[in-house]
Amino acid sequence: MILGVGFYSFTVGSISSFLSAADSRESIINAKLTTVEEFSIEAKISKKCTHKIKEAVKLNAYKNCTVWANKAVLFSELPR
């Protein structure tokens, strides 16, 4: 019975950790996309180009499974 309780608590803890990590990753990606949007408005970049930049940021974030909130890193991740 103790083994069952231990397994149950481990499973619930693992699922909880996974969900919170996924949620924080999404919030960081959204922060990056907001940064791109603000930059596009300031630099007067077309909507089409802004959309392509956003898609590149999303693809890169999901491909690498890591995300960064730093602007310098964000723009260095974009394809040249």
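These entries record what I looked up about salt bridges in this predicted model.

Entry 1, ground rules. I number residues from 1 along each chain as its sequence is written, and I leave out hydrogens and water, since side-chain values use heavy atoms. The model is predicted, so I note that local features need pLDDT of at least 70 and side-chain atom pairs count only at pLDDT 80 or more, while totals for chains, interfaces and linings use all residues.

I find Glu37 paired with Lys47, with the closest N and O atoms 4.0 Å apart. Glu37 sits in helix H1 (residues 2-43) and Lys47 in helix H2 (residues 47-64), so this pair ties together parts 10 residues apart in sequence; helices here are DSSP runs of H or I, at least four residues, numbered from the N terminus. Glu37 also meets Lys54 in a salt bridge, at 2.7 Å from N to O. Because Lys54 lies in helix H2 and Glu37 in helix H1, this pair ties together parts 17 residues apart in sequence. I therefore log Glu37, Lys47 and Lys54 as linked in a network of salt bridges.

With exposed meaning over 50% relative accessible area, buried under 20% and partly exposed in between (1.4 Å probe, protein chains only), I list Lys47 as exposed at 66%, Glu37 as partly exposed at 23% and Lys54 as partly exposed at 22%.

Notes
A salt bridge is a side-chain nitrogen of Lys or Arg within 4 Å of a carboxyl oxygen of Asp or Glu. Helices (H or I, at least four residues) and strands (E, at least two) are DSSP runs, numbered from the N terminus.
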